[in-house]
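Keep the 3D view open as you read.

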Amino acid sequence: MAFQTSGFPVCKFIACFLLALLAAADGRDKGFRRFSPVEDTKQKAVAQEQWFTQKLDHFNGADSREWKQRYFVNEAFYRPGGPVFLMIGGEGPANPAWMQSGTWLTYAEKLGALCLMLEHRFYGASHPTDDLSTANLRFLSSRQALADLAHFRTVTAAARGLTNRKWVAFGGSYPGSLAAWFRLKYPHLVHASVSTSAPVHATVNFPEYLEVVWRSLASENAECPLLVKEASDTLLQRLNDPTTYGNITKDFNLCSKLQIQTEMDAAYFLETLAGSFMDVVQYNEDNRGFEGVTGTNITIKVLCGVMADASLGEPYARYAAVARLMMDTFSVKCLDASYSTYLRDMTNTSWVGPAAGGGRQWVYQTCTEFGFYQSTDSPNQPFTGFPLEYHVKQCADFYNISAEQLAEAVAQTNEYYGAYDIRSSRIVFPNGSIDPWHALGITQDIAPALPAVFIKGTAHCANMYPARSEDLPQLALAREHIFSLLHQWLKQ
């Protein structure tokens, strides 16, 4: 199902094409986004954290170790006999703001649902092990996470008298995939799922991500991605000449003088700069302010405006201006472009380490399950210099995982879940056309009970965020359509 702007009709989308939570799905933990709790006692009570005793290894009956998993409850809308909504946490801390705002709560109020949110193991405050050593990370996987959900659902339902209630799973990005897979693998426990912006097809190389970035930039201004490409190409050329490093250091406000000693150094620097465009495109105009997110005012329109401003100089200078704009927006004094620093941070196994917010854990999951590497291997995208080999080498550098092991792990993931060929029912798959992750999602109906909702002009997880007056009409229609599906399915 696609929601178009022209005349605002709801019509079938015949040929369409496609990832944290709620956290950043690109796997880079910049530490820029923080939730600022609302200073309201009622809201604090709604978002009070609770703890569930969880199994460490669901697939080894001889292992009796347990740990405490964080979850949140909102009973404000629950009516006896109503359904139970379960929001699935993802690759970052579970944000209690979602217990106070979001489309799912609008649905809950209409349907009288009890709302729960379970934090994903190894993220946020949910620490199953003493540290993040590679040996301990073997307990981090989507399969263990689904088993966590199943055990939580079973025990909670029994304790609260909800065993015969209909449970609905919600998730966006990677948790959107988990929502679909929860319904797929545990159909007796979850009645329906809303699988938003969910990459269901694992792939080692994901150059299509940057292809969508090109098209999304071009949708604002056809010249925009061409200017970005010219700037990126110019920068790559200058990286071949060490005499330019002093000027590059000043242009991009680097924390120390640029040093390019290996291909990994160059790739990391180039990817870091491209990341500004990637993040803005992915979340373009999403209504994320309630999460306490900084930078929601920086949109595709803003970035393309900078790239089109000839008064700033050549495209390379405008590219540098974008980098400085992003640093100013996030109050970053200087840009650390050192791969050696990144390597040091990513191999720190402490729970208080610089990558413990989710970076070390999520990249481990990409190396052992999903891939999803957003390489520059396609000619139809605007960036240069971070090929697949750069991403694959990180698996070896951080966790001693080889390219062959990575490829086999990704193949096993698709074999286990079915990739695009999901065989289930009562799962709806919303995706946005601007969102690069839609390239790995379900954008056409699989079956009447497995519908897609493809929303033109919207970005990552747009339908999950609170409604506002400036929302595109097709986004409002999509939210209404998803509700009508849930209402229909809950009657079954």
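The axes of helix 9 and helix 14 come within 11 Å of each other and cross at roughly 115°. Axes here are lines fitted to C-alpha atoms, for helices over the stretch in contact, with angles from 0 to 180 degrees between N-to-C directions. Angles of 65 to 115 degrees count as roughly perpendicular, and therefore helix 9 and helix 14 are roughly perpendicular to each other. Where they meet, M264, A267, Y268 and E271 of helix 9 touch Y390, H391, K393, Q394 and D397 of helix 14 (contact means heavy atoms within 4.5 Å). Helices are DSSP runs (H or I, at least four residues), numbered from the N terminus.

This is a predicted model, where local features need pLDDT of at least 70, side-chain atom pairs count only at pLDDT 80 or more, and totals for chains, interfaces and linings use all residues. Residues are numbered from 1 along each chain as its sequence is written, and side-chain values use heavy atoms, leaving out hydrogens and water.

Now find helix 12, residues 339-346, where Y339, T341, Y342 and M346 are buried (under 20% relative accessible area, 1.4 Å probe, protein chains only). Those residues sit on the same side of helix 12 because they cover an arc of only 155° around the axis, taken from the directions from the helix axis to the C-beta atoms. They pack against helix 9 (263-282), helix 13 (359-370) and helix 14 (388-399).

Helix 13 is mostly covered, with 11 of its 12 residues buried, including W362 and F370.

Key: Buried means under 20% relative accessible area, exposed over 50%, partly exposed in between (1.4 Å probe, protein chains only). Helices (H or I, at least four residues) and strands (E, at least two) are DSSP runs, numbered from the N terminus. Angles under 35 degrees count as roughly parallel, over 145 as roughly antiparallel, 65 to 115 as roughly perpendicular and the rest as oblique.
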